[in-house]
Amino acid sequence: MRVHVDSSKCQGHNRCYALAPELFDVDDLGNAFELNDGIVPSGLEDKARLAVANCPEFAITIED
Amino acid sequence: MSETIYGPVTDWATDFDHGSPAYNNNIHQIWDDLKAAGCPIAHTERYGGVWLPLTHDLVKEIAYDPTRFSSLTPVVQQLKPSEALLEDPDALGAPIGPVPPISSDPPFHADARRLLLPAFSPKVIDPLRKEVEEICNKLIDDMGDVDAIDAAVQYTQHIPVLVVAQMVGLPLSDADRFRGWVDMVLGGIGAERSEERLAQFMAMDEYLTKHIEEHIANPQDDLTSYLLDAEIFGEKLSPRHVFGTILLLIIAGIDTTWSGIGSSLWHLASNPVDRRRLVENPGKIPMAVEEFLRAYAPVTMARMVTDDMEFHGVQMKKEDRVLLPFPAANRDENQFANPAVVDIEREENRHAAFGLGIHRCIGSNLARLEMNVAIEVFLKRFPDFELDTTEQVTWSTGQVRGPRNLPFKIKARG
């Protein structure tokens with residue numbers, strides 16, 4: 001599984017970083033990006049889905 | 001509080017008044033009735049003509065379209081922008097607006113916003129947790145050993161004022177004055193434009209001007225001095241820009257979070273099952289806070305129509321204002337399952353309490369921190385409390401909605 005933050009949609013709500021800091025980080029402006037090329041380590045799939053389900057801008061996608 | 005100068009509302013679909021106490025007191029019923037009557041966009045001739053879209057799709061479309069919907073007037077009050085400009089010819093017009101960046105449009109907006117973003121990023125805000133905890137604990141200490149409190153007057157209203165005053169470098173002893181001004185600016189939108197109100201505006205103006213002058217003479221390690229030193233397009237910010245931004249931080253940072261904390265505590269006082277769940281499992285507070293933000297989102301923003309146009313079947317005119325009720329979008333059944341049910345463990349929650357698009361609330365990380373800490377500390381110190389039904393819960397008027405009186409009976413202390 002891989003996650004991806006569309007930086008053109010991210011507005012810095014910071015939900016993904018709060019819910020899954022293992023998968024996402026934020027820059028100095030508070031905009032999010034995926035860690036480790038977006039590869040979701042096994043066991044963290046639910047956290048990835050939770051991040052997607054809580055992004056108000058629909059900026060995060062998952063690829064299986 | 002009395003009705004606004006416009007008088008009682010006859011029909012919420014064609015004559016609504018968002019500045020009347022009746023609106024905030026019955027807000028969920030009003031939206032439900034409008035939607036049930038097949039009215040996705042309500043209208044009023046009051047305030048010079050205002051539209052009120054109610055669905056998540058419409059709110060999102062408007063928030064994403066700064067070309068047709070300008071941010072110049074985030075608060076819909078009695079004067080249209082062109083009329084307000086006649087009263088104050090020095091006011092900043094589009095694309096900057098009186099309180100940048102919330103009142104700014106692209107392309108200026110992005111640069112004005114970028115100046116502030118680092119100061120409000122999660123990694124800068126999270127370390128403030130300890131300070132907020134101290135503020136909250138001290139407020140509870142100050143209540144003494146009593147069985148009855150007003151949680152709004154004695155707790156929620158103080159927390160954001162003290163945090164913002166510290167960031168901006170204003171004396172904490174003046175906190176009550178800022179709160180009074182904020183209440184006047186946001187809560188009095190429908191009130192008469194009396195001499196007294198104008199005098200209060202002047203007092204606020206003078207106070208902030210003096211504050212900025214003092215920072216020019218003696219720079220401090222705070223946001224005011226940071227802004228005075230900052231540059232945009234290779235030039236220092238104009239004094240009017242700095243003034244507007246400081247005013248924005250005070251106005252936007254106080255009423256809003258105070259309301260968010262208050263609505264959350266009101267819910268917990270009214271729903272003992274949820275309160276017990278959070279007392280037993282404080283780790284669930286962050287998720288509950290998101291649900292409180294969804295169900296009781298405090299802030300409705302506004303836009304101004306830039307040109308005559310048809311929008312989803314209605315004829316909008318240039319300078320009409322459009323309210324952006326993010327709280328109504330948060331209760332849209334096409335976006336949220338069982339939106340009227342407050343489920344503190346709601347897993348899928350793309351709520352828009354902090355807005356959508358380029359104007360996402362810049363203080364959202366701070367607001368979340370304050371809400372989480374305020375609820376955590378309150379539940380720890382008062383694990384059991386309920387509404388005192390002999391007293392009245394009162395709600396604010398205007399575009400920021402939250403309880404202004406929260407009479408609680410304290411039944412246990414931690």
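In chain B, β4 and strand β14 (residues 407-412) run antiparallel and are joined by 3 bridges. Strands here are DSSP runs of E with at least two residues, helices are runs of H or I with at least four, and both are numbered from the N terminus. The model is predicted: local features need pLDDT of at least 70, side-chain atom pairs count only at pLDDT 80 or more, and totals for chains, interfaces and linings use all residues. Residues are numbered from 1 along each chain as its sequence is written, while chains are lettered from A and ligands numbered from 1 in the order in which they are written.

**Sheet in chain B**
- B:Ile149 stands opposite B:Phe408 in β14(B).
- The order β4-β14-β11 (chain B) describes an open, antiparallel sheet of 3 strands, where pairing requires at least two DSSP bridges between two strands.
- β4 (148-150) and β11 (384-387) of chain B are at the edges with a single partner strand each, so one side of each has no neighbour in the sheet.

**Chain A**
- Chain A contains 2 helices and 4 strands, arranged along the sequence as β-α-β-β-α-β.
- The radius of gyration of chain A, 10 Å, is close to the 11 Å that the globule rule gives for 64 residues, so chain A is as compact as a globular protein of that length; the radius is taken over C-alpha atoms, and the rule is 2.2 Å times the number of residues to the power 0.38.

**Interface**
- 15 residues of chain A are in contact with 19 residues of chain B, contact meaning C-beta atoms, placed from the backbone, within 7 Å.

Key. Contact = placed C-beta atoms within 7 Å.
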